[in-house]
Amino acid sequence: MDSLLDGRAELRLAAAGVGWVKKLRDSAAASFAEHGLPSTRDEDWKYTNVKPIAKRQFRPAGSSDEGVNAAAVAGCAIEGLSCHRAVFVNGYFSPPLSDLSALPPGVVLDSLARTLAERPQDLSAALGRVMPAESHGFTSLNTAYLTDGAYLRVPEGVVVEHPIELLFINTAIDPAPVVQPRNLIVMEPSSSASVLERYVGVGNGSYLTNAVTELSVRANASIEHYKLQEESVQAYHVGGLFINLERDARVTSHNVAVGGAIARTDLRAVLAAEGAHCEMNGLYLGNGRQHLDNHTQIDHARPRCTSDEYYKGVLDDRARAVFHGRIVVQQDAQQTDAQQQNRNLLLSPDAEIDTKPQLEIYADDVKCSHGATVGQLDSDSLFYLRSRAIDERTARLLLTYAFANDVIGRCALKPVRERLEQTLTRKLFHARDLEELV
Amino acid sequence: MNSTVSDLDELVKREYEAGFVTDIESDTLPPGLGEDVVSIISAKKNEPAFMLEWRLQAFRRWQKMQEPGWAQVKHPAIDYQAISYYSAPKQPGDGPQSLDEVDPKLLETYNKLGIPLEEQKALAGVAVDAVFDSVSVKTTFRETLAEAGVIFCSISEALQEHPELVRKYLGSVVPTGDNFYAALNSAVFSDGSFVYIPKGVRCPMELSTYFRINAMNTGQFERTLIIADEGSYVSYLEGCTAPMRDENQLHAAVVELIAMRGAEIKYSTVQNWYPGDEQGRGGIYNFVTKRGACRGDNSKISWTQVETGSAITWKYPSVLLEGDNAIGEFYSVALTRHMQQADTGTKMVHIGNNTRSTIISKGISAGRGQNTYRGLVKILKGADNARNYSQCDSLLLGDRCGAHTFPYLEVSNPTAQVEHEATTSKISEDQLFYCMQRGLSEEDAISLIVNGFCKEVFKKLPMEFAVEAQKLLDVSLEGAVG
């Protein structure tokens, strides 16, 4: 397990000489050396066994473009989406592949490594501050290697019209690399933007992505955040998104997981001041032998915050998914309104879902509810379609499609919705007939 | 509404009504636990040899086990060597032959508690097995039951008279190494109830056990085993109280239910162990393992519990739905106030086809109480057309309490229908306003709403218990809101 820390010394980590950066990395490395990777004995990892990751030999990824060219980037692009794009190859920023020319004045979107080297003081207030003090081994590992990733700062009052895409292209080279991007997004007061965080695998080999994004949303700012995980089928993906919301801040998060052999995402939002609102939508589509794990936590720390969580999953073949959604309402957080829904559909006798919605409430004047369902398609709906002369198979496809599409419909960006609809049909239905139908 | 409250203050301070101590001579082992203690307990009970072996095996396992730390409860470490593992009221001679021979002080205790121990209270129609500290004091209505072929006795007697039955079923649902507390119980359990309902018999009356911890520094470890043979039916009630003491006392029971083909067991509990005082001093640690197995097709096990006592409750009555078309039910009201902590819920494991389970859990937190629902619904791969419905509602009274809901849903069969719903809220201003504009006082309105909140569970309780539970709730809650 220590092997994941091997090679750390040889890497030239950015800003190695800056005191607070070194301290941040070293304490994370010490924490990892002590605790290692989580095991199924940890309550939070009960259903996700990371032994396949621990057993493998990974090497830290190097900063070369690995033959990823403009054509490859174009191949990954979402059709019809005009955006500001920052491209990262194996976690390292690639200026020639990025297109940031049209960014509004004042908006900073740069490589974290370069910012660390040139202006570390810009980062000291936020980097490593949004994520919780105690976190699991993968997060510590990311911090221990903290070097490159995206640094985005939207200044006060600025509304970024076009979406900003952070495109992480990961290649399966030999020996299998560990890709550890570290992102920091700061939304200054009253700013607004849409940010897409996309993880795309090229090639079919194995690698490990271990990403951490910290998102600080200042007073009255708003962000629509998309995490689209489309790693290659043999890849391992562990990702953390840590959000802090200040007064009246608004966050809408869309978290879509379709790739990876084992994929785990930790999403944690702290509603740290009154009036903050957080919406979390999620969709996981698994087939083959995929294992998809989503852990969310919404921490209502102050009064009068609202949150709404809506996660859905469809599992086929031997796929297995885990959903863990925790809502914590602290003692002072009166007049909290927190809702959570998790719905799952199993399409095959070998698929499995383990879901754990949780409410932990220490205040009394609250309205909280959660619901979880696992089930088959509604027999009335099936009957209705069949009474309209639609054969059973097609009726099932339609209803399954509608089930998943419900979450996709919540995305504000139309090109993203269209892309996800395509992914959905491609992934779960080997059927062209459905494309004709919808 | 008949519970008009005249003086709130008085009610807030209302004491635990069952908190008296009975001054009675008892035969108590000195504190401590080792293989010798296990052997002494077994010898005192004059048990067959296989039991001693079974106990020692459990004890050796227990020594290697760790106390579970996952529950949402906090308590100082328990010193298992400071507890006395056996305490029995001292009896001259060989135990009572009839009611006249039972120590009058004991009878008085039970009268104070309102237990219909005497035959003249037959109108109550309840057969009672009363367990005082560690031993069973008296089982009423033995003859009536025997006519129907029902065996209802203490487990020590069962070991003497029906060792083959005990040997066959004891530990078959909760194995000795199941968990830390179950292993401890298996090693040192002193008494409990044994019920066997033969094939096709509908038990003519409701069976009941009354548990009481009296002696100081003792732990109570009772063991209940209920077997309902093919096509039979039994309804079993249990009630618990303990005196008020400043120290914490341990109660680690194991209850095993076995329902064969077409049999039905209804198990109801009103748990009112001493909950400790307002500062959280004293009270019972209630660490209980309860599990039922629906062994045969079309069998049914139903748990109903009203948990108002204990400083800490750690209890997950479960059902293993092994037979096809088996049904499991769990209805629970858990109330925590003062410094009480409850981590309770259920496990429904669907193994057979067309198995169904229902979970209704109502948690009420007041004062500084922490109330947690923790439940598992597991649908195994081979369980086709399984159905589960869970509903967990929490009511918060006061801004220093907590209500938590931790359901676990594990589903590996695509034909399963599993639904879980949970809500947490306080009594809404609108509800209160509506009641009060109809002329109810605030306290009555709250009492009405809380009772309505629990109605779904109370209506599952046998009549006398439902009344008692409702009263208990009124007493516990009044003054908690304001």
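How many Å separate the centres of domain 1 of chain A and domain 2 of chain A, taken over C-alpha atoms? The separation is 32 Å.

## Basis of the model

This is a predicted model, in which local features need pLDDT of at least 70 and side-chain atom pairs count only at pLDDT 80 or more, while totals for chains, interfaces and linings use all residues. Residues are numbered from 1 along each chain as its sequence is written, and chains are lettered from A and ligands numbered from 1 in the order in which they are written.

## Domains of chain A

Chain A has domain 1 at 2-273 and domain 2 at 377-438; the bounds come from an automatic or database domain assignment. Their contact takes 11 residues from domain 1 and 10 residues from domain 2 (contact: C-beta atoms, placed from the backbone, within 7 Å).

On the domain 1 side, strands S11 (222-230) and S13 (250-257) of chain A each give two or more residues. Strands are DSSP runs of E with at least two residues, numbered from the N terminus. The residues of this side divide into 6 nonpolar, 3 polar and 2 charged (nonpolar: Ala, Val, Leu, Ile, Met, Phe, Trp, Tyr, Cys and Pro; charged: Asp, Glu, Lys and Arg; polar: the others, Gly among them).

## Contact between chains A and B

Chain B and chain A each put 31 residues into their contact. On the chain B side, the elements giving two or more residues are strands S22 (387-397), S23 (402-411) and S24 (417-425). S23(B) gives the most, with 10 residues. By class, the chain B side has 14 nonpolar, 12 polar and 5 charged residues.

S23(B) also pairs with strand S20 (residues 352-361) of chain A, in the antiparallel sense over 6 bridges; pairing requires at least two DSSP bridges between the strands. Within S23(B), B:His404 is the bridge partner of A:Glu360.

Terms used:
Two residues are in contact if their C-beta atoms, placed from the backbone, lie within 7 Å. Helices (H or I, at least four residues) and strands (E, at least two) are DSSP runs, numbered from the N terminus.
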